[in-house]
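This report describes how two chains meet in a model. The sequence and structure come first.

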Amino acid sequence: MHAVVAIKQVPDTSNVRIDPETGTLIREGVPAIVNPYDIHAVEAAVQLKERVGGGQVTVITMGPPKAAEALLECVEQGADRAILISDRKFGGADTLATSYVLARAIEVINAELPVDIIFFGKQAIDGDTAQVGPGVATRLNIPLITYAVAIEEFDLAARRAVVHRRVEQGIEVLETTLPVLLTVEKEIAPVRHAPLPRLIAAARYQPEVWTATSPVPFDPQQIGLKGSPTVVGKAYTPAPRSGGEVISVAALGLDAVVARAMAVIEQAHIRNLQPVTGVVS
Amino acid sequence: MNAEQPTIPRIWVFVEQQEHQVHPVSWELLGAAKRLSADLPGSVVEAVLPGHQVADLAPQAFQYGASRVYVIDNPVLEIYRNLPYAVAVSRLVTEYRPEIFLIGATTLGRDLAGSIATRVGTGLTADCTELSIDPANHILAATRPTFGGNLMATILCRRHRPQMATVRPRVLPMPEPVPDATGEVVNVPFNMREEDVPVKRLRLIRAKEQPNIEYADVIVAGGRGVGGPEGFALLQELADALGGMVAASRPVVDAGWLDASRQVGQTGKTVRPKLYIAAGISGAVQHRVGMSGADVILAINTDPNAPIFQIATLGIVGDLYEVIPALIRQVKGQSYDGQAHL
């Protein structure tokens, strides 16, 4: 069994702050972490390998040299091989260019050792686009199952799997041929603590580094800014909705506060509510 | 290629239907497409409707502003699956070359949009909160939150077509339907066979509870300050009295007090109720991006510095366990005739 997991190192967005003077993002001092959904993607691959009695888990990422740290965390988790795809020429890539690079890399990895399953986190917490996984599956022309929460069956001999995915109506159970690309929710696999031998192995591990030209010659027209149809026109901090009055129970007493609250509720004009219509059942 | 003049700027909206029910985000997008069309000279608003035996839904698309509906009908499209939908819609895009293509950022839409954009080789901007036409060069300016809602970015797709964007449900207002509006139906041939589809649906395990908080008029939401799952019974009582629904911020869902389907915010749902009551929610930016479209926000928090107060119509510094029971008494005393619709 050969699983490939594509991961991303992201700034911990829960720690991102805005400079009140300039209104810009303060990136310094924001810790870089493995995208939280990707940790579960790696775990799912490692657990699948254990379930089928062996195989290889290959982890890849496109990012700056610093992203090697994120790969080492994946090796601690149980990944066997880690590849950092890193070159200034990849800079400024949007989701189309990113999906090209990852798909091309997976093609090369597949030629060395055929790939049975590819895992992505459902989205990255910095961009939240959820577009790269579907883009890679499309480029590789393999089935895509997004929002996967469980792998019910995985039959290498029969080249088929049964996967559960979360949809608005509940859980959809899909049968697919292999290879398949999954983008996963956190429920796909709970993260376990890495055993000491893994930590030692990771400490000695050096991720492979692939550049834009070696060992894989990526098409220069399809990478980085050149390969990206979208550009950021402008970026700004959102104008805050301005709040109204703040009153306190301690100062005004409960009755007065509730009277004010009722007056505000009146403003919402919710009397004679109609049942909600147009809801997808 | 079709024989029509290819220079008409077409603004397309994907009509999402499952089990013959159109997701309302499709109509919200048609409303947005109409507004964009007013700023894009000569443009037309059209809808794409794939499925099986769904042509009878086309008149609704006319009512919400489409002048033409492309119906793609094939049994392989009966239940949504990525491949047949992506192939069918991409072929249509290649044939008619729309200028702009809008898709709802639902589970289905997010699965589909990236596949279409990749097949067609164009740019896609996810989860936009604002769409406009740049007056200088007549291209789509698609604005979206990024870095967990801390930054807004306006994304442009200068040379590739269509300019694709997804928008989450309830980010845009629902337009008024025009009852007698009509338009043209174009039946699009699509001849994929079931044996060409590598993914089959074996079954659908329906969730017992499917709260649709996106479309609730009144939401009573609780945060960490509620203290535990028991506290939500009190919020439910207030919601019932107001004819609303209970929702939550992320820590509540992470702690397992409420189901993820009730989460409001960046990684949950976007809501725009008439009334949003935030109880024990501090109001991190990730939460605010999901609810700042509410008409009226009433916030209750013990912390006078809670960021939720910066956007609340009225902020109450106090204990929610004191304020909410008093509110319930008042609301019930005023005999609201709202109906619960959980």
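The model is predicted: local features need pLDDT of at least 70, side-chain atom pairs count only at pLDDT 80 or more, and totals for chains, interfaces and linings use all residues. Residues are numbered from 1 along each chain as its sequence is written, while chains are lettered from A and ligands numbered from 1 in the order in which they are written.

In the interface, 84 residues of chain B are in contact with 76 residues of chain A (C-beta atoms, placed from the backbone, within 7 Å). On the side of chain A that touches chain B, α7(A) gives the most, with 9 residues. Among the other elements giving two or more residues to that side are α3 (95-112), β9 (144-155) and β15 (245-248) of chain A. Helices (H or I, at least four residues) and strands (E, at least two) are DSSP runs, numbered from the N terminus.

The side of chain A that touches chain B divides by class as follows.

| Class | Members | Count on this side |
|---|---|---|
| Nonpolar | Ala, Val, Leu, Ile, Met, Phe, Trp, Tyr, Cys, Pro | 39 residues |
| Polar | the others, Gly among them | 25 residues |

β15(A) is joined by 4 bridges to β18 (residues 314-317) of chain B, and the two run parallel; strands pair if DSSP finds at least two bridges between them. A:S248 stands opposite B:V317 in β18(B).

The open sheet of 6 strands has the order β15(A)-β18(B)-β17(B)-β16(B)-β14(B)-β15(B), with parallel pairing. β15 of chain A and β15 (245-248) of chain B stand at the edges, each with a single partner strand, so one side of each has no neighbour in the sheet.

How values were computed. Contact = placed C-beta atoms within 7 Å.
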